[in-house]
Amino acid sequence: MALDGTLDTALRGTAPLVVHLVKIVLPGGTIRVLDGAGNLTFNGETYTGEDATFGVLDELEAIGEQVGTEAPSMRLTFLPASLSALSQLTTPANQGSAVSVWFGAVDPATGLLLGTPEALFIGELDTADVEVSTNRTVISFNVASAWERLFAINEGHRLNNAFIQSLYTGALGASFVVAVQRDLPWGYDAPRPAVVADLNGGSTVRGGSPLIGGRGGGGGVFGNDYGVSF
């Protein structure tokens, strides 16, 4: 998606006033903060330099685009407003809460956003680390990308004959699928995986269709995606 024209022009100017907007949707409330003083309105919502309940955004880890071999993530640090805020921000129930980060520019004369801010990162809270010193308390959040969901294990589905029969009575596509092992690739240099049934010298079942861009493995259980030899 192309950068907003007005924002692009502002960034090409002399000493643009840039800003980051951060939105964290927690079970107990939504945090909308920016890395500076004052207030800004974006998408009909107000972002402030300090959240009266939760505190202040301290620092954002630099975000960049690159080709990697693991799910992208970022870190941000937060200064809690109180012990109560510290407790609310670090409760385990917050894991998985949606986090959005935008980058924009502000007109120094009006104090308004120039154009539409660019979305830098959309993800979810993963872990929180607390560092306590004499002068301040800092919470470091690790924010995982939405791609992290690809690693979630779906315990409710099985690639075996009994489960397939429970869904499609009489379907025999998984009749010889036993003790399935599956590689989980990630990144541009990962090998093409295959679904393998370890039968101690028995049948082998391999995936046929790629998942994304010719990488990954899988394919359906039925049709021509699988060849079964025994």
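The largest nonpolar core of this predicted model has 20 residues, and the members touching the most others are V22, I31, L76, F78 and L89.

V22 makes a handy example. Setting aside neighbours within four places in sequence, V22 is in contact with I31, R32, V33, Y47, L57, L60, L76, S100 and V101. There is also a second, separate core, made up of nine residues, with L21, L40, F42 and W102 among them.

Turning to charged pairs, the structure holds five salt bridges. One of them joins D8 to R12, with the closest N and O atoms 2.9 Å apart. Both residues sit in helix α1 (residues 5–12), four residues apart, or about one turn of the helix. D8 is partly exposed at 26% relative accessibility, while R12 is exposed at 67%.

Other pairs reach across the sequence. R136 and D58 form a salt bridge whose closest N and O atoms are 3.5 Å apart. This pair links distant parts of the chain, with R136 in the loop between β8 and β9 and D58 in strand β5, 78 residues away. R75 and D129 also meet through their side chains, at 3.4 Å from N to O. Since R75 lies in strand β6 and D129 in strand β8, this bridge ties together parts that are 54 residues apart in sequence. Finally, K23, R32 and E45 are linked in a salt-bridge network.

Methods: Residues numbered from 1 in each chain as written. Predicted model: local features only at pLDDT ≥ 70, side-chain atom pairs only at ≥ 80, totals over all residues. Heavy atoms only, no water. Core = buried A, V, L, I, M, F, W, Y, C linked by side-chain atoms within 4.5 Å. Buried < 20%, exposed > 50% of the residue type's maximum accessible area, 1.4 Å probe, protein only. Contact = heavy atoms within 4.5 Å. Salt bridge = Lys/Arg side-chain N within 4 Å of Asp/Glu carboxyl O. Helix = DSSP H or I, 4+ residues; strand = E, 2+ residues; numbered from the N terminus.
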